[in-house]
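These are my notebook entries on a structure that I had not examined before. I record in them what I looked up, entry by entry.

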Amino acid sequence: MKKGFTLVEIIVIVALLAVIFSVAYPAIGNIVDKSRVQSNSIKVDKLVEIAKTNYTENYSNTNSVYDIDNGLFINGNKINMNNEFNGKGKIFIDVDGKIKYYIYIDGYCFYNKDTKTKEPKNNIEECITLYEN
């Protein structure tokens, strides 16, 4: 009696594995993408909170604009984000403390005019256009 698998058995197993992989791969990809977007959303919230705190402590009687370029800049000073943020955008805070922003990070535009929104975009220019319309 011979031990081992025949060629047909091996081909059937490889075909079954290919079918399983083709079904599972999109689902796994979606989970990874959703977690990346959620992580970036948390980073955006952190940036907005830092800007809000700085505004409250230093500039609460004027309009303020915070520039974001791979981190948050306040009056030209970069706020340390421990290399966990690689986006671009702006945060606007008016004299009434109302916050508006647009931030582009990892293919998504996070913006807030009246409500927090995120949309997939190709670059910061598309994010600005989306925010301004």
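**Entry 1: the aromatic cluster**

I began with Y102, which counts as buried because its relative accessibility is 8%; buried means under 20% relative accessible area, exposed over 50%, and partly exposed in between, with a 1.4 Å probe and protein chains only. I note that this is a predicted model, in which local features need pLDDT of at least 70 and side-chain atom pairs count only at pLDDT 80 or more, while totals for chains, interfaces and linings use all residues. Residues are numbered from 1 along each chain as its sequence is written, and side-chain values use heavy atoms, with hydrogens and water left out.

I then asked how many aromatic pairs there are. The count comes to five, under the rule that rings of Phe, Tyr and Trp (its six-membered ring) pair if their centres lie within 6.5 Å, with planes under 30 degrees apart counted as stacked, over 60 as edge-to-face and the rest as tilted. One of them joins F92 and Y102, whose ring centres are 6.2 Å apart and whose planes stand at 45°, so this pair is tilted. I located F92 in strand β4 and Y102 in strand β5 (residues 99-105), so the two come from distant parts of the chain, 10 residues apart (helices, H or I with at least four residues, and strands, E with at least two, are DSSP runs numbered from the N terminus). F92 is partly exposed, at 25% relative accessibility.

Y102 forms a further tilted pair with Y131, at 5.2 Å centre to centre and 45° between the planes. This pair also links distant parts of the chain, as Y102 is in strand β5 and Y131 is in helix α2 (residues 124-132), 29 residues away. Y131 is buried, with a relative accessible area of 11%. I recorded F92, Y102 and Y131 as a cluster linked by ring pairs.

**Entry 2: salt bridges**

I counted three salt bridges, a salt bridge being a side-chain nitrogen of Lys or Arg within 4 Å of a carboxyl oxygen of Asp or Glu.

The side chains of D67 and K90 form one, at 2.4 Å from N to O. D67 is partly exposed at 37%, and K90 is partly exposed at 26%.

K88 and D69 form another, at 2.8 Å from N to O. K88 is in strand β4 and D69 in strand β1, so this pair ties together parts 19 residues apart in sequence. Both residues are partly exposed, K88 at 38% and D69 at 35%.

R36 and D33 meet at 3.0 Å, N to O. They both lie in helix α1, three residues apart, or about one turn of the helix. I recalled that an α-helix has 3.6 residues a turn, so residues three or four places apart point the same way. R36 is partly exposed at 35%, and D33 is partly exposed at 26%.

**Entry 3: helix α1**

How far does α1 reach from its first C-alpha to its last? Helix α1 (residues 7-58) has 52 residues and reaches 75 Å, close to the 76 Å expected at 1.5 Å a residue; the expected span is 1.5 Å times one less than the number of residues. I found a bend of about 30° at A24, with the proline P26 following within four residues. The bend is the angle between axes fitted to the seven residues ending at a residue and the seven starting there.

The buried residues of α1 include V37, V44, L47 and Y55. N40, also in α1, is buried at 2% relative accessibility. N40 touches I105, D106 and F110, leaving aside residues up to four places away in sequence; contact means heavy atoms within 4.5 Å.

T56 is likewise in α1, but is exposed at 54%. T56 and G97 are 41 residues apart in sequence, and their C-alpha atoms are 8.2 Å apart in space.

**Entry 4: the hairpin**

Lastly I looked up strands β6 (residues 108-112) and β7 (residues 116-120), which run antiparallel and are joined by five bridges; strands pair if DSSP finds at least two bridges between them. The two form a hairpin with three residues between them. Y108 stands opposite P120 in β7.
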